[in-house]
Amino acid sequence: MDYQRCVDILAKVHENPHGLPRPVRQANVSRLLEALGRPERELRGMLVVGTNGKGSTCAFAVSAVAATGARVGSLPSPHLQELRERIRIDGVPVTRAEYAAAFAEVWSAIEQHGLPVLSQGVFATTAAVHFRRAGVGLAVAEASIGGSRAAAAELGLDVKVLTGVGLDHTRLLGGSLDLIARAKIEAVRDGDHVVLGRLAPEAASSAEQVLRTRTGLSVWRMDHEIRYTARTVGRDGSRGPVTLVDVTTPRAVHRDLPCPLPGAHQHHNLAVAMAAVDAMAERGHIREPDNERLRPRLAATRWPGRLELVPHARLDGWTGRVLLEGATNPQGVETVAPEIRGHARTDGGSGPPVLVFASMHDKDVSGMLAPLPADWPLVLTRTDSHQAAAPAALHSHLSPGRQGPCLTAEDTPSALRRAAGIAGPGGLIVVLGSLRLIGETRTALALQPV
């Protein structure tokens with residue numbers, strides 16, 4: 001089976017031709033792993049759940065684990081440009097041939113045993129098969145939506161990380177922080193080591209109630225067992241301020257850790273990641289991280305699509321700056337809004353930044369745009385996702401108080417061209433609202449998957 005065939009098959013998985021309800025297809029993930037000979041049996045590591053910050057936390061954790069000399073696999077979710085981004089070893093995506101080989105083994109088992117699963121189940125089992133093939137025994141997995149219902153939870157990783165809780169995917173998880181926290185923390189099993197990021201009181205209370213129903217847990221909480229401080233120590237040319245973070249956990253004190261990802265929220269994500277890595281060391285999964293080896297690995301951490309600045313973007317003769325931000329809910333946009341405004345203040349163009357926005361049909365459009373200036377020009381578009389909202393539908397959900405010009409475009413490339421025309425040479429385009437939009441923009445700008 002070639003790589004394009006994998007892409008074509010997975011594009012159809014969501015159609016559910018067997019008509020089976022979602023819980024049944026989800027239960028089939030465990031059956032599929034059994035049919036594959038339990039490729040996850042030898043895996044140890046962490047499962048990261050939460051509303052925001054999962055990808056960055058996983059990226060930091062991979063860097064830290066790799067600094068111990070161990071090989072570590074990771075399962076980011078979603079991919080931006082190519083399926084193979086979902087399976088990485090030491091942070092590097094597998095090749096197309098490697099992805100196709102693992103996928104072929106999974107798809108053969110699905111067809112042989114009649115086990116239709118959700119696409120997330122295919123992603124998780126394909127990763128487990130590849131890690132077995134590559135002899136990788138450590139994994140850092142990112143849950144897609146929820147916690148116990150995430151396919152990656154079937155991998156049995158015994159360090160569970162909750163980065164934070166916000167209102168997102170409310171149709172599936174519930175319309176309150178209480179319900180969403182419960183849905184995510186339900187991934188915890190008896191005997192796990194649990195790392196909790198900073199939670200709102202309502203979410204923290206719900207998480208604690210669920211944890212009290214489990215036995216044999218070790219639990220480390222941000223601002224209790226885990227603490228961190230951050231300070232700016234200078235600038236690194238065009239990349240901006242250099243931030244060092246000190247992290248204290250019950251096991252270790254890590255000083256002067258570089259945080260290369262922009263935004264104060266990344267200091268929290270780095271601290272959560274280091275606590276989870278210390279928890280892995282506590283369990284004997286890895287050696288104790290050595291700070292001298294750790295610092296350069298952390299400094300090299302990159303996570304595309306999260307406040308990612310393309311300083312010399314080119315598109316059909318236009319040259320300017322493009323800022324890519326994959327915030328997919330109001331809390332996420334509010335968190336990164338100060339950084340986006342900072343880029344706007346340093347923009348060399350004569351006008352305001354131009355926003356290019358797309359989202360799924362069930363998102364809070366006005367809430368996501370509210371943290372940014374209402375007079376910035378806006379181009380609404382849609383991605384090629386079957387769940388993407390049409391530009392006209394997005395327009396109908398805009399706040400009545402929006403003042404700036406608003407245009408629509410039928411796809412990402414045409415939206416970028418419209419935005420470039422408004423921004424003018426050297427101007428700033430800010431792309432946000434959907435990780436699929438971020439991926440399509442990276443492709444339109446001829447950026448390679450990383």
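A: The side chain of Ser434 reaches the backbone nitrogen of Arg436 at 3.2 Å. A polar contact is a pair of N or O atoms within 3.5 Å; within protein, one must be able to donate a hydrogen and the other to accept it, and residues adjacent in sequence count only if both atoms are side-chain atoms. The model is predicted: local features need pLDDT of at least 70 and side-chain atom pairs pLDDT 80 or more, while totals for chains, interfaces and linings use all residues. Residues are numbered from 1 along each chain as its sequence is written, and side-chain values use heavy atoms, without hydrogens and water.

Ser434 sits in the loop between strand 17 (428-432) and helix 15 (435-444). Helices (H or I, at least four residues) and strands (E, at least two) are DSSP runs numbered from the N terminus. With 10% relative accessibility, Ser434 is buried; buried means under 20% relative accessible area, exposed over 50%, and partly exposed in between (1.4 Å probe, protein chains only). Leaving aside neighbours within four places in sequence, Ser434 is in contact (heavy atoms within 4.5 Å) with Ala327, Thr328, Ala358, Ser359 and Thr383.

The whole structure has three cavities of 30 Å³ or more. A cavity is a set of points on a 1 Å grid over the protein atoms alone where a 1.4 Å probe fits but cannot get out, and lining residues have an atom within 4 Å of a point. Points are joined across faces, edges and corners, and a volume is the space filled by probe spheres set on them. The largest cavity has a volume of about 120 Å³. Of its 15 lining residues, Leu75, Gln120, Phe123, Ala124 and Glu142 are the closest to its centre. Helix 5 (residues 119-134) gives the largest share of this lining, four residues. By class, the lining of the largest cavity has ten nonpolar, three polar and two charged residues. Here Ala, Val, Leu, Ile, Met, Phe, Trp, Tyr, Cys and Pro count as nonpolar, Asp, Glu, Lys and Arg as charged, and the others, Gly among them, as polar.

The second largest cavity holds about 50 Å³. Its lining includes Trp303, Arg306 and Val450, and by class has five nonpolar, one polar and three charged residues.

Last, the cysteines. The structure has zero disulfides, a disulfide being a pair of cysteine sulfur atoms within 2.5 Å. The sulfur of Cys259 is too far for a bond, because the closest cysteine sulfur, in Cys58, is 15 Å away. Cys259 is buried at 6% relative accessible area, and Cys406 is partly exposed at 28%.

Notes
On a 1 Å grid over the protein atoms alone, a cavity is a set of points where a 1.4 Å probe fits but cannot get out, and a pocket is an open set with protein on both sides within 12 Å along at least five of seven lines; lining residues have an atom within 4 Å of a point.
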